[in-house]
Amino acid sequence: MENLSQESKELVNLIEKKEKLVAMVAPSFPVVFSYPEFVGMLKRLGFKYVVEVARGAEETNKQLLALMKLHPDRKYITNPCPTIVRLIRNKYHYLVRYLSPIDSPMIAIAKIVEKEYPKCKKVFIGPCIAKKLEAKEDCPELDILVLTYKELQDIFKCKDIYSEQKDKSAHFDIIGQETRLYPVSGGLSQSSGIIKKFTDSEYDVISGPELAKKALDEFIANYDLKILDILNCDGGCIAGPGMISVDGLSRRRQKVIDFWKKV
């Protein structure tokens, strides 16, 4: 227990108190865990419900498309990546007005969970450390506890929770199949239909710190650009710092694609 992070200890404390918990699982989870065994592990750990953050991504897409339809002449920068959002707020103040004023997938699914499972504690599980800041700074009223996959794995080990054959019958309580490609660079553009609705010059897909900086530097000067689909990690959230995997980016991407196609 002493080696666990503060957030991990908080979750363990909630579990030991038998609080009603909802796990909100980021769509990058297939890189690290197998489905449906992962859901079974979470429920044996103490979660009452396990939902896909991909369902929240569906709401993000709807809100973004509605915004672009309402204001077709405006330019937008997507906001699912909290690292990019904070980079713009801190170093590109003049671009803040271009950030899409909509819910990120985590915030969107938290609002859904609040309606579907009132009085349950919301726990986001994913590959991103910056999500901790998003939860605390942007929407503290939603009271979201954020853990990375690495932190969750430490808890699994501490509680002797392992993948078992009996978990085959486990399933998500809320699904979001159409947006399971979100953690892959370009997943937002693909799942929202932006790649079909706009020309190549009207949208751009960017991932990685160096390319992200270049894209932000050139954003205003790029007159044709309507939407910048941007993530900070190379290849997308599949390379997040809270991810523990020996796989290369191509293999990680394929695992996400395989789950999207399979289930």
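Guide: One term to begin: contact means heavy atoms within 4.5 Å. This is a predicted model: local features need pLDDT of at least 70, side-chain atom pairs count only at pLDDT 80 or more, and totals for chains, interfaces and linings use all residues. Residues are numbered from 1 along each chain as its sequence is written, and side-chain values use heavy atoms, with hydrogens and water left out.

Visitor: What is Ser207 in contact with, leaving aside neighbours within four places in sequence?

Guide: Ser185, Leu231, Cys233, Asp234, Gly235 and Gly236.

Visitor: Why does Ser207 count as buried?

Guide: Buried means under 20% relative accessible area, exposed over 50%, partly exposed in between (1.4 Å probe, protein chains only). Ser207 has 14% relative accessibility, so it counts as buried.

Visitor: What makes the Ser207 side chain and Gly235 a polar contact?

Guide: The definition asks for a pair of N or O atoms within 3.5 Å; within protein, one must be able to donate a hydrogen and the other to accept it, and residues adjacent in sequence count only if both atoms are side-chain atoms. Here a polar side-chain atom of Ser207 lies 3.0 Å from the backbone nitrogen of Gly235.

Visitor: Why are S6 and S7 called paired?

Guide: Strands (E, at least two residues) are DSSP runs, numbered from the N terminus. Two pair if DSSP finds at least two bridges between them. S6 and S7 (residues 227–231) have five, in the parallel sense. Ser207, in S6 (residues 203–207), has Leu231 as its bridge partner in S7.

Visitor: What makes S3 and S6 edge strands?

Guide: The open sheet runs S3-S7-S6. S3 (76–77) and S6 each have a single partner strand, so one side of each is left without a neighbour in the sheet.

Note on methods: Helices (H or I, at least four residues) and strands (E, at least two) are DSSP runs, numbered from the N terminus.
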